[in-house]
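Have the model open while you read.

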Amino acid sequence: LQLFYHNLTTLESKTAFLLWATSGKRRNEIINLTKDQLDIKNNLIIPPKNNSRTKHEWYAYFNEECTKILTEYLSTIKGKENIFSKKQVREEFEKTYTTTDIHITPKRLRDWFCQEMGELGVPDRFIDAFCGRTPKSVLARHYSDYSPERLKLIYDKAGLKVLS
């Protein structure tokens with residue numbers, strides 16, 4: 001992951017990479033992000049008001065590594081509704097995995113996030129919540145606290161790192 005990240009050449013692609021790797025969000029959930037969905041102070045991604053019928057978005061978080069580059073990137077864009085260009089990010093990822101022979105996609109970063117959070121001791125039901133998956137078990141649906149404050153505590157305690 002680190003080799004791929006360091007071979008990305010644009011700030012936009014590096015920012016998208018870190019958001020995918022540290023939040024567990026789906027490809028389009030990051031590509032379609034707007035500035036008003038970001039709470040930089042709390043490292044929080046706020047779900048859009050219009051969730052789809054099949055894919056749910058919940059509150060998600062990103063780490064301090066991502067906060068640094070995200071803040072820098074946001075200072076370079078003006079007046080854009082969506083903060084990323086799907087075409088530019090896709091082309092940069094394709095160019096990078098052609099030159100490095102490392103095939104990283106948003107889906108692979110989401111898979112990595114889930115695996116890494118599990119290895120850091122985060123219970124599956126909370127990983128599912130970070131990724132926007134609806135809980136299936138009775139314990140997860142009825143007896144788990146999915147408040148943004150609780151999820152933030154769990155995320156921060158895991159200490160997820162990508163670049164270090």
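First, the ground rules. This is a predicted model, with local features needing pLDDT of at least 70 and side-chain atom pairs counting only at pLDDT 80 or more, while totals for chains, interfaces and linings use all residues. Residues are numbered from 1 along each chain as its sequence is written, and side-chain values use heavy atoms, with hydrogens and water left out.

**The second largest pocket**

Start with the second largest pocket, which holds about 180 Å³ of space. A pocket here is an open set of points on a 1 Å grid over the protein atoms alone, where a 1.4 Å probe fits, with protein on both sides within 12 Å along at least five of seven lines; lining residues have an atom within 4 Å of a point. The volume is the space filled by probe spheres set on the points, and grid points are joined across faces, edges and corners.

Its lining consists of W20, R27, I31, K86, V89, R90, F93, E94, Y97, T105 and P106. Two elements, α3 (27-31) and α5 (86-100), each give two or more residues to that lining. The top contributor is α5, with six residues. Helices are DSSP runs of H or I with at least four residues, strands are runs of E with at least two, and both are numbered from the N terminus. By type, the lining splits into six nonpolar, one polar and four charged residues. Nonpolar covers Ala, Val, Leu, Ile, Met, Phe, Trp, Tyr, Cys and Pro, charged covers Asp, Glu, Lys and Arg, and the others, Gly among them, are polar.

One of the lining residues, K86, lies in helix α5. At 40% relative accessibility, K86 counts as partly exposed (buried is under 20% relative accessible area, exposed over 50%, partly exposed in between, with a 1.4 Å probe and protein chains only). Setting aside neighbours within four places in sequence, K86 touches R27, N28 and I31, where contact means heavy atoms within 4.5 Å.

**Helix α2 against helix α6**

Next up is a helix pair. Helix α2 (residues 11-23) packs with helix α6 (residues 106-119) at an angle of about 35°, and their axes are 7 Å apart. The axes are lines fitted to C-alpha atoms over the stretch in contact, and angles run from 0 to 180 degrees between N-to-C directions. On the α2 side the contact uses F17, W20, A21, T22 and S23, and on the α6 side P106, L109, W112 and F113. Seven of these contact residues are nonpolar, two are polar and none is charged.

**Ring pairs**

How many aromatic pairs does a search of the whole structure find? It turns up 12. Rings of Phe, Tyr and Trp (its six-membered ring) pair if their centres lie within 6.5 Å, with planes under 30 degrees apart counting as stacked, over 60 as edge-to-face and the rest as tilted. Here are two of them:

| Pair | Centres apart | Planes at | Type |
|---|---|---|---|
| Y73 and F84 | 5.5 Å | 5° | stacked |
| F130 and Y155 | 5.7 Å | 80° | edge-to-face |

F130 is buried at 1% relative accessibility, and Y155 is buried at 3%. Elsewhere, ring pairs link F4, Y5, F17, W20 and F93 into a cluster.

**A few single residues**

M117 lies in helix α6 and is buried at 0% relative accessibility. Leaving out neighbours within four places in sequence, M117 is in contact with V122, I127, F130, Y155, A158 and L160. M117 and A158 are 41 residues apart in sequence, with C-alpha atoms 6.9 Å apart. E119 also lies in helix α6, but E119 is exposed at 55% relative accessibility.

N43 has a phi near 55°, a positive value in a residue other than glycine. N43 lies in the loop between β1 (38-39) and β2 (44-45) and is buried at 4% relative accessibility. D101 has a positive phi too, near 60°. D101 is in the loop between α5 and α6 and is exposed at 72% relative accessibility.
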